[in-house]
Amino acid sequence: MGGGQRRTSTENQTAPSSSIWSHFWSSATRTKPISDSGIRTGSGDGLVRSLGMFDLILLGVGASIGAGIFVVTGTVARDAGPGVTVSFILAGASCVLNALCYAELASRFPAVVGGAYLYTYTAFNELTAFLVFGQLMLDYHIGAASIARSLASYVVTILELFPIFKENIPDWIGHGGQHYLGGAISLNLLAPILLALLTIILCRGVGESSVVNSFMTATKVIIVLIVIFAGAFEVDVSNWTPFAPNGFKTVLTGATVVFFAYVGFDAVANSAEESKRPQRDLPIGIIGSLLICVILYIGVCLVITGMVPYKFLGEDAPLADAFKSKGLKFVAILISVGAVAGLTTTLLVGLYVQSRLYLGLGRDGLLPSVFARVHSRRRTPIHSQVWVGIVAGILAGLFNVHILSHILSVGALTGYSVVAASVVALRLKDKASSQVSSTSWKEGVTCLFIVACSGFGAGVFYRFDTPFIFMVIAVIVAILASCALCFRQTYADMPGFSCPGVPIVPTICIFFNMFLFAQLHHEAWVRFVILSIITVGIYAFYGQYHADPSADETIIYHRAPEEDSR
């Protein structure tokens, strides 16, 4: 009798825990359905389609090219020499492959907000999508605050060109910030003011913000072209010899650094709901903006390494210093103006993308519904936009976020890798629904995971100079997994734009992205783990109970109407 009572008591205690785990697992593994019907919302909270193909290209260029084009080209050239041009070509080629994956999904998926989060939700599951959102959003929040501080510093630099302001602007206004409590607090007044101005522009409507972005991006590109053409007349081709003075490894290492100079083209994918013809224009916007960035970066690299021997390039402002050494001080001033324009567009697009991601999660219930509200007249997600501006303003105004720059780029690499995997998984999933078993689909996803692990392993071996054979083994394992994907799986043909070379192109993307992940600061790895744990906790306590991918109150994702794809 006693034993039976104890057994019953134990069963009663384990039943609730089993039920909790069962609910968590069923929620975490559900996916987002794609409906062929039109958009249907509970409150009419849709955005207005006002972005054309040219607007999308400028959006991608505005997001990708900031002040870094005037700085990172020279700093990497100090190690790689003129071979920095090859570094940018290699990194650009890798980004083009990633862009092809984004372009397929942007063409295939519904014309609504979401980007990498939405693709992951449909290809894999709810929890993985929420994890991707968490990693991306931390990058965006810290990045926006850091860019705002840099923009404030450049604005002050331009103001100090006028005698009335020279040496009369205190540090706490915008030049770095006034430090308190041993540097824990760093007061900067101008950065949050600039963020507030951009937030107001974004809240007024996508049309107004697009005009500002187009003007600033055009200004930036014109200045870069002036820099390239002015510098071309000062080039001494003898400075290009030797081309790779420190060996090819420094060129490859340079490619891992400059890869992040291209990050931003994925912002185009998050503007799907505001694109006039998303199925046609999104792929063009993604790939077109990236190709423009590649050409501009290569042009600047050739000029800066041809004007000055790589050994004598400055560390903080190498391009401006190169022109000053040739007596072209007016170009150095133009570079400061270009930096302001570049940082403004990068910050504007970053804030724009963040609000659209919050809008998507608010609609799906993974975040409170306040983020899903769209202004009835402005047709912008004002609540999400203001929240994003407040977070960035607090970070930029009170903290020296530049010191956190070494933990950034985790979200970009995570998002790129998952998007590439989604291309393969979704093609497998489409075939699985009719001809291939779910076991085969799981085998394909396992192969993708092996490729990712191999890429990270190869990156770790490269980073710590282990015997070359270890990196060769990692590459061989990745090749074997890719062969399994090629010969043991069958892939569906996609309507619209199709990424060529599936599954080879996506697996190359995954391998190289994870290789780059291994090159990040070790604190970035710690950040990835800790943030993932926090994100799972938020999902366990809130997301799993409120998310419903197919609820009537949320938007039903759909393929773009046929007339929009022409």
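**View 1. Arg488 and its salt bridge with Glu443 in the predicted model.** Arg488 is exposed, with a relative accessible area of 56%, and the structure shown here is a predicted model. The side chain of Arg488 meets that of Glu443 in a salt bridge, with an N to O distance of 2.5 Å. Glu443, for its part, is partly exposed, with a relative accessible area of 25%. The pair links distant parts of the chain, 45 residues apart, since Arg488 lies in the loop between H16 and helix H17 (504-519) whereas Glu443 belongs to helix H15.

**View 2. The salt bridge of Asp364 and Lys32.** A search of the whole structure finds nine salt bridges, and one of them joins the side chains of Asp364 and Lys32 at 2.8 Å, N to O. The two residues are 332 residues apart in the chain, with Asp364 in helix H12 (residues 329-364) and Lys32 in the loop between helix H1 (2-28) and helix H2 (53-64). Asp364 has 0% relative accessibility and counts as buried because the limit for that class is under 20%. Lys32, at 2% relative accessibility, counts as buried too.

**View 3. The salt bridge of Asp465 and Lys249.** The side chains of these two residues, Asp465 and Lys249, meet in a salt bridge with an N to O distance of 2.5 Å. Asp465 sits in the loop between helix H15 (438-463) and helix H16 (468-487), while Lys249 is part of helix H9 (residues 248-258), so that the pair links distant parts of the chain, 216 residues apart. Asp465 is exposed, with a relative accessible area of 54%, whereas Lys249, at 41% relative accessibility, counts as partly exposed.

View 4. Helix H8 (residues 206-232) packs with helix H10 (residues 278-307) at an angle of about 35 degrees, the two axes lying 9 Å apart, and the crossing is left-handed. On the H8 side the contact is made by Val221, Val224, Leu225, Val227, Ile228, Gly231 and Ala232, and on the H10 side by Leu296, Gly299, Val300, Val303 and Met307. By class, this contact of H8 with H10 comprises ten nonpolar and two polar residues, with no charged residues. The axes of H8 and H12 come within 9 Å and cross at roughly 145 degrees, and this crossing, too, is left-handed. The contact of H8 with H12 has 16 nonpolar, eight polar and two charged residues.

View 5. Helix H13 (residues 382-398) has 17 residues and reaches 24 Å from its first C-alpha to its last, close to the 24 Å expected at 1.5 Å a residue. Its buried residues are Ser384, Gln385, Val388, Gly389, Val391, Ala392, Gly393, Ala396 and Gly397, and what covers them includes helix H6 (126-159), strand S2 (185-187), helix H7 (190-204) and H12. In the loop between H12 and H13 lies Arg379, which has a positive phi of about 55 degrees although it is not a glycine. Ser409, found in the loop between H13 and helix H14 (410-432), is likewise not a glycine and has a positive phi of about 75 degrees. Arg379 is partly exposed, with a relative accessible area of 22%, whereas Ser409 is buried at 17%.

View 6. The peptide bond from Thr241 to Pro242 is cis, with omega near -5 degrees, and Pro242 is found in the loop between H8 and H9. A cis peptide bond also joins Val502 and Pro503, with omega of about 10 degrees, and Pro503 is placed in the loop between H16 and H17.

How values were computed: Residues are numbered from 1 along each chain as its sequence is written. This is a predicted model: local features need pLDDT of at least 70, side-chain atom pairs count only at pLDDT 80 or more; totals for chains, interfaces and linings use all residues. Side-chain values use heavy atoms; hydrogens and water are left out. Axes are lines fitted to C-alpha atoms, for helices over the stretch in contact, and angles run from 0 to 180 degrees between N-to-C directions. Helices (H or I, at least four residues) and strands (E, at least two) are DSSP runs, numbered from the N terminus. A crossing is left-handed if the near helix is turned anticlockwise from the far one by less than a right angle, and right-handed if clockwise. Contact means heavy atoms within 4.5 Å. Ala, Val, Leu, Ile, Met, Phe, Trp, Tyr, Cys and Pro count as nonpolar, Asp, Glu, Lys and Arg as charged, and the others, Gly among them, as polar. A salt bridge is a side-chain nitrogen of Lys or Arg within 4 Å of a carboxyl oxygen of Asp or Glu. Buried means under 20% relative accessible area, exposed over 50%, partly exposed in between (1.4 Å probe, protein chains only). The expected span of a helix is 1.5 Å times one less than its number of residues.
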